Amino acid sequence: MKNKIITLLLFLCVSAAVCFPAEDQPAVIPVDAKLEYNHGIDCYKLGQYEEAVSSFRTAIRLYPDYIDAYYNLGSLLEYLKQYDEALAIFEQIIARNEKEYEALYKAAKLSAQLGDRTNAAKYIAMIPKTSEYSAKSANILSQYNITPAAGTGEGNTPSNINQSSGCYPNITSPTGITSDKFGNLYVSSFTDNAIIKIQPDGKKMLFFKSPNLKGPISIASDETGNIYVANYNANNILKLSHSGACTILTTEVSKPYGVHVNGNMLFVACQGTNSVLRIKLK
């Protein structure tokens, strides 16, 4: 159960949130991030909204996968009518987990309020009919006279990558690139120690950044959406789930330079040992 601001009422729980990613083990949220998160809640209850916003932002900076902090920040920015910033926050949640259907609904609503009907239709198309937010999204379509977008996949996720020649600018030291079945691109930034996600519409956002990421070079994805990172300066291979949950796949590599997935096999080019390692994936 997420501990977050309830829309419109903006009711905040007092206890700290614990986010469980799509992995067997719960995420370990740093203590300083939890303290900032709780401080944000306290500030909101006192009506100190700007300080609450600052605390939630700090909690996210300290722990970039703090989903509940994103939800609280996005809801508070929406309440303050800072719709552009609120939309960007909910898009950060979607970048980490495209099955966060409430975030998709909020992104659709905010996009419609900002006059971007195409974006609103895209997010609505990503919500499966079985979700409680599907009916709510139908109200957005009706209220803003939006034509539903066609899509594919479990959540009707649009999967078309732009077919024209062009460029995605302002990516620091890009070293590796891969894509998933939904049409999202993932780019490793060596000097920023980050993985950037580029959606089919060209929007860029931070997908993963962690102290565990040290000199990412090559990246590859499998059929289920997991991403494998040649973590050059840490001498290991990281596995990132579609939601951004991270595990160390193996440390038996020396200066991993390239990764390639074929079926259930991962191949790693190891510059330090002049060899190619093969790993059977589960």
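Predicted model: local features only at pLDDT ≥ 70, side-chain atom pairs only at ≥ 80, totals over all residues.
Local features need pLDDT of at least 70 and side-chain atom pairs count only at pLDDT 80 or more, while totals for chains, interfaces and linings use all residues. Residues are numbered from 1 along each chain as its sequence is written, and side-chain values use heavy atoms, with hydrogens and water left out.

**View 1**
Helices are DSSP runs (H or I, at least four residues), numbered from the N terminus. Buried in α1 are Ala33, Tyr37, Gly40, Ile41, Cys43 and Tyr44. They lie on the same side of α1, because they cover an arc of only 165° around the axis. The arc is that of the directions from the helix axis to the C-beta atoms. Buried means under 20% relative accessible area, exposed over 50%, and partly exposed in between (1.4 Å probe, protein chains only). An α-helix has 3.6 residues a turn, so residues three or four places apart point the same way. Exposed Val31, Leu35 and Lys45 sit on the face of α1 turned away from its buried side.

**View 2. The cover over α1 and the residue that follows.**
The buried residues of α1 are covered by elements including α2 (49-62) and α3 (67-79). Contact means heavy atoms within 4.5 Å. Just after α1, glycine 47 takes a positive phi of about 80°.

**View 3. Helix α5 (101-113) against helix α7 (132-143).**
The two axes come within 10 Å and cross at roughly 5°. That makes α5 roughly parallel to α7 (angles under 35 degrees count as roughly parallel). Axes are lines fitted to C-alpha atoms, over the stretch in contact, and angles run from 0 to 180 degrees between N-to-C directions. From α5, Tyr101, Glu102, Tyr105, Ala108, Lys109 and Ala112 meet Tyr133, Lys136, Ser137 and Ile140 of α7.

**View 4. Asparagine 119 and methionine 126.**
Asparagine 119 lies in helix α6 (residues 117-125). Asparagine 119 counts as buried, at 5% relative accessibility. Leaving out residues up to four places away in sequence, asparagine 119 touches Leu87, Glu91, Ser111, Asp201 and Lys203. Methionine 126 is in the loop between α6 and α7. Methionine 126 is buried too, with a relative accessible area of 6%. Methionine 126 and tyrosine 101 are 25 residues apart in sequence, and 8.1 Å apart in space, C-alpha to C-alpha.

Note on methods. Helix = DSSP H or I, 4+ residues; strand = E, 2+ residues; numbered from the N terminus. Parallel < 35°, antiparallel > 145°, perpendicular 65-115°, else oblique.
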